[in-house]
Amino acid sequence: MRDHPRGAHTPHPDVWTGRATNRMQWLLALIGAACMALGIVLAVDSAWSSGVAPLAMAVVGCIAAGLLVLFGTLAFVHVALRVDEDHLEVRCGHIGVPRRRIPLSHVAGAEFVPHVTPRHWGGWGYRWRPEKGTAVVVRRGEGIALSLWDGHTFTITVDDAQAAVTVIRARLHPHRPDPAG
């Protein structure tokens, strides 16, 4: 069922939202939880005869590695993109951190990118590469690339990236922002 007839002009919504999810990250989070559980089991039920120092190092190491993997992966299970009249906001994970808010007055252009992969950016997450710019990559697939007035590029993987590009382009101002303002 269509809300609007084909070819009819539809105004852009006041706020456009989109997201991308990577279910594979849940497997990595499970591995992190297992590592934490191992640390707890070692602390509670240890039969180590080597002394307290090696046991403490093993417990702390397992729990620290587990927390790092668990929270590191949960932070990038999904990315949410929100475009309103004046800003574009990117939030990662369930608590929305890391977050980046970019005024649309700082955006020179937006391009649809049909194939963004973690391999091109060095993995999942919030990435920076000197020759490519900054990216939030949670899965491989379509995304958007923003060209900022300061010369930097910001890439985001998001479902329905073409719609995001259309909305962003419709809200861009054709002139460079005033550096004093």
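Arg 139 counts as buried, at 11% relative accessibility. Buried means under 20% relative accessible area, exposed means over 50%, and partly exposed lies in between (1.4 Å probe, protein chains only). This is a predicted model, where local features need pLDDT of at least 70 and side-chain atom pairs count only at pLDDT 80 or more, while totals for chains, interfaces and linings use all residues. Residues are numbered from 1 along each chain as its sequence is written, and side-chain values use heavy atoms, with hydrogens and water left out.

**Salt bridges**

Side chains of opposite charge can pair when their charged atoms come close. Here a salt bridge is a side-chain nitrogen of Lys or Arg within 4 Å of a carboxyl oxygen of Asp or Glu. The whole structure holds 8 salt bridges. The table lists some of them, including the one made by Arg 139.

| Salt bridge | Closest N to O |
|---|---|
| Arg 139 and Asp 159 | 2.8 Å |
| Glu 89 and Arg 99 | 3.4 Å |

Arg 139 sits in the loop between β7 (133-137) and β8 (141-148), and Asp 159 in the loop between β9 and α4 (161-171). The pair links distant parts of the chain, 20 residues apart. Strands (E, at least two residues) and helices (H or I, at least four) are DSSP runs, numbered from the N terminus. Asp 159 is partly exposed, with a relative accessible area of 39%.

Salt bridges that share partners join Glu 89, Arg 91, Arg 99 and Arg 101 into one network. Within it, Glu 89 pairs with Arg 99. Glu 89 lies in strand β3 (residues 87-92) and Arg 99 in strand β4 (residues 99-103), so this bridge ties together parts that are 10 residues apart in sequence. Glu 89 is buried at 10% relative accessibility. Arg 99 is partly exposed at 46%.

Glu 131 is exposed, at 55% relative accessibility.

**Aromatic rings**

Rings of Phe, Tyr and Trp (its six-membered ring) pair if their centres lie within 6.5 Å; planes under 30 degrees apart count as stacked, over 60 as edge-to-face and the rest as tilted. The count comes to 1 aromatic pair. The ring centres of Tyr 126 and Phe 154 are 6.3 Å apart and the planes stand at 45 degrees, so the pair is tilted. Tyr 126 belongs to strand β6 (residues 125-129) and Phe 154 to strand β9 (residues 153-157), so the contact ties together parts 28 residues apart in sequence.

Is Phe 154 buried or exposed? Phe 154 is buried, with a relative accessible area of 0%. Tyr 126 is partly exposed at 33%.

A charge sits over a ring if NZ of Lys or CZ of Arg is within 6 Å of the ring centre and within 35 degrees of the ring normal. The charged end of Arg 100 sits over the ring of Phe 154, 4.5 Å from its centre. Lys 132 lies over the face of Trp 121, 4.9 Å from the ring centre.

**Nonpolar core**

A nonpolar core is a set of buried Ala, Val, Leu, Ile, Met, Phe, Trp, Tyr and Cys residues joined through side-chain atoms within 4.5 Å. The largest has 28 residues; Leu 81, Leu 88, Ile 144, Leu 146, Ile 156 and Ile 168 touch the most other members. At least two residues each come from β1 (16-21), β2 (78-83), β3, β5 (107-116), β8, β9 and α4. Helix α4 gives the most, with 5 residues.
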